[in-house]
Amino acid sequence: MNYVIGVDLGTSAVKTVLVDQQGKVAFEHSEAYPLSRPQPSWSEQDPEDWVKGTLVSLRRLMEQSGVDPAQVDGISFSGQMHGLVLVDKDGQALRPAILWNDTRTTAQCRRIEQTLGTELLEIARNRALEGFTLPKLLWVQEHEPEVLDQASLFLLPKDYVRFRLTGDYAMDYSDAAGTLLLDVASKEWSVTIAEAFGLPLSLCPRLVESFEQTGTLLPEIALTSGLLTSTKVYAGGADNACGALGAGILGEGRTMCSIGTSGVVLSYETNKDLNLEGKVHFFNHGEKDAYYIMGVTLAAGYSLTWFKDTFAADRSFEQLLEGVGAIPAGSGGLLFTPYIVGERTPHPDANIRGSFIGMDSGHTLSHFTHAVMEGITFSLRESIEIVRESGKAITEVIAIGGGAKNEVWLQMQADIFNASIIKLESEQGPALGAAMLAAYGSGWFASLGECADAFIRQAEVYTPNPQQAAIYNGLFDLYQQVYTQTRELNNKLVEYRN
Ligand SMILES: Nc1ncnc2c1ncn2[C@@H]1O[C@H](COP(=O)(O)OP(=O)(O)O)[C@@H](O)[C@H]1O
Ligand SMILES: O=C(CO)[C@@H](O)[C@H](O)COP(=O)(O)O
């Protein structure tokens, strides 16, 4: 039996999966790493933690499985998107990585809009949002010019890790699309955008397809990971593109909902000229010349993690969620908005913060937990509605990410989205998608679609309960009002955040 390995460089942890030729996840391993918030609205990670975590996870995967490394045909990556890693001429990271959920760059976003006007949407196909890479580059240009002077290249998280494993620099189109420097339709770095901000094109790495081979493992890496210097490495893709591959989002009308640290509603798109005026993101897919549209909740799983760590640190997720099934829709009149690090879709607003509205002395920890899950899901429904308004009928949604581990949450998604929710055998969408890129790159299948047919299996379907769906429709109206009612208050609270 031969295998491929998928590495998902997430925000909370790196996950590795060893997948056989039938698509069965034979072994998986995960290594967590910290995230630092040195100032309000900042979010950084040490790229060295990613490299260490990946190597330990690969080693454990190989040890646990006992598989002969010669049986591993290839390895590929899925990575948290947009994070800025600057490297010098020797490949040394010059500062901590500035992550996708770091919102320090509002001023740089306004500068991008003023400088490029409508050209930005025409070329990069997306609005200037704090999380994207170009505003981060401009922040470094303005605040740490000496760092940018030393930089010979900018990379995204998984590209930095892949470089450390292979010595080869490259970036795939699906991840490059999230930088705001790519001409998304023509698949080239945009000279217009780079020149407008005095950024040399030499800062941008070589562009490749997600399934293209980008080297083999360096000798010291082969030794540490338990793999071989002949192990082939394939470029990989943005975690959402890989999540979409791992969920079989490879045809028009297919939609997924991922609840990881962030939350994502993503729908396949073939029309490269689709113009939704930047209401949702428009990115290149991991499949050649395909695209997807996507709405993002910045703190989806992160809201639940924050809530658990702050109010129930001694419990596991399973223990915290034990009682939520008994709590009625609406959590006894308690509404939560998950804006704890600002928001993206549909409110690109770095200043907004979360709320609990309607707290009552009768509410228990389970009511609060349930309200957090509902608030996250309402936020994702806002993206579902934008996709529906674009003309796509969403009657079926594939659920992936850590949030898909919980049955109550899966039924809640069905009731709030008013769509059937499909749980797959493995909720490891992005890692499986990365493995699929290695499998297709290695020539196991003639297309990614064929690979998806062989690898992806449904485990369960959750259908909407009409009574619950009606209750949630009413509550969704109230949920949507919280943003407008609290926006000004939050703008005034900014000066008290430190
Ligand atoms: N047993 C569980 N039930 C429901 N949600 C969970 C459970 N375990 C973890 N989660 C949620 O999943 C999130 C992590 O999902 P994951 O897909 O691993 O994220 P990432 O790829 O961003 O690291 C956590 O933030 C947490 O809220
Ligand atoms: O910023 C985005 C997408 O635009 C995020 O979805 C990141 O890609 C991080 O993903 P997770 O760690 O939540 O999987």
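Domain bounds, as used in these legends, come from an automatic or database domain assignment. The model is predicted: local features need pLDDT of at least 70, side-chain atom pairs count only at pLDDT 80 or more, and totals for chains, interfaces and linings use all residues. Residues are numbered from 1 along each chain as its sequence is written, while chains are lettered from A and ligands numbered from 1 in the order in which they are written.

View 1. The chain is divided into domain 1 (3-243) and domain 2 (248-430 + 441-496). Their contact takes 48 residues from domain 1 and 34 residues from domain 2, where two residues are in contact if their C-beta atoms, placed from the backbone, lie within 7 Å. On the domain 1 side, the elements giving two or more residues include β1 (3-9), β2 (13-20) and α10 (239-246). Helices (H or I, at least four residues) and strands (E, at least two) are DSSP runs, numbered from the N terminus. The largest share of this side, five residues, comes from α10. By type, the side of domain 1 that touches domain 2 divides into 14 nonpolar, 22 polar and 12 charged residues; Ala, Val, Leu, Ile, Met, Phe, Trp, Tyr, Cys and Pro count as nonpolar, Asp, Glu, Lys and Arg as charged, and the others, Gly among them, as polar.

View 2. Of the 19 residues around ligand 1, Gly 10, Gly 260, Thr 261, Gly 301 and Gly 402 come nearest; a residue counts as near if its C-beta atom, placed from the backbone, lies within 6 Å of the molecule. Look for α11 (301-311) and α12 (317-321), each of which supplies at least two residues of the shell. The largest share, four residues, comes from α11.

View 3. Among the 15 residues around ligand 2, the nearest are Thr 11, Met 81, Trp 100, Gly 260 and Ser 262. The shell divides into four nonpolar, 10 polar and one charged residue.

**View 4. Ile 5 in the largest nonpolar core.** This core has 149 residues, and Ile 5, Ala 435 and Met 436 have the most contacts inside it. A nonpolar core is a set of buried Ala, Val, Leu, Ile, Met, Phe, Trp, Tyr and Cys residues joined through C-beta atoms within 7 Å. Leaving aside neighbours within four places in sequence, Ile 5 is in contact with Thr 16, Val 17, Leu 18, Leu 61, Val 72, Ile 75, Ala 435 and Ala 438.

View 5. A residue is buried if 20 or more other C-beta atoms lie within 10 Å of its own, exposed if 12 or fewer, and partly exposed in between, with C-beta atoms placed from the backbone. Trp 409, Leu 410 and Phe 417 are among the buried residues of α14. Packing partners of its buried residues include α13 (365-389), β22 (420-424) and α17 (466-493).

**View 6. Ser 65 and its contacts.** Ser 65 sits in helix α1 (residues 47-65). With 18 other C-beta atoms within 10 Å, Ser 65 is partly exposed. Not counting residues up to four places away in sequence, Ser 65 touches Leu 18, Ala 26 and Phe 27. Ser 65 and Phe 27 are 38 residues apart in sequence, yet 6.4 Å apart in space, C-alpha to C-alpha.
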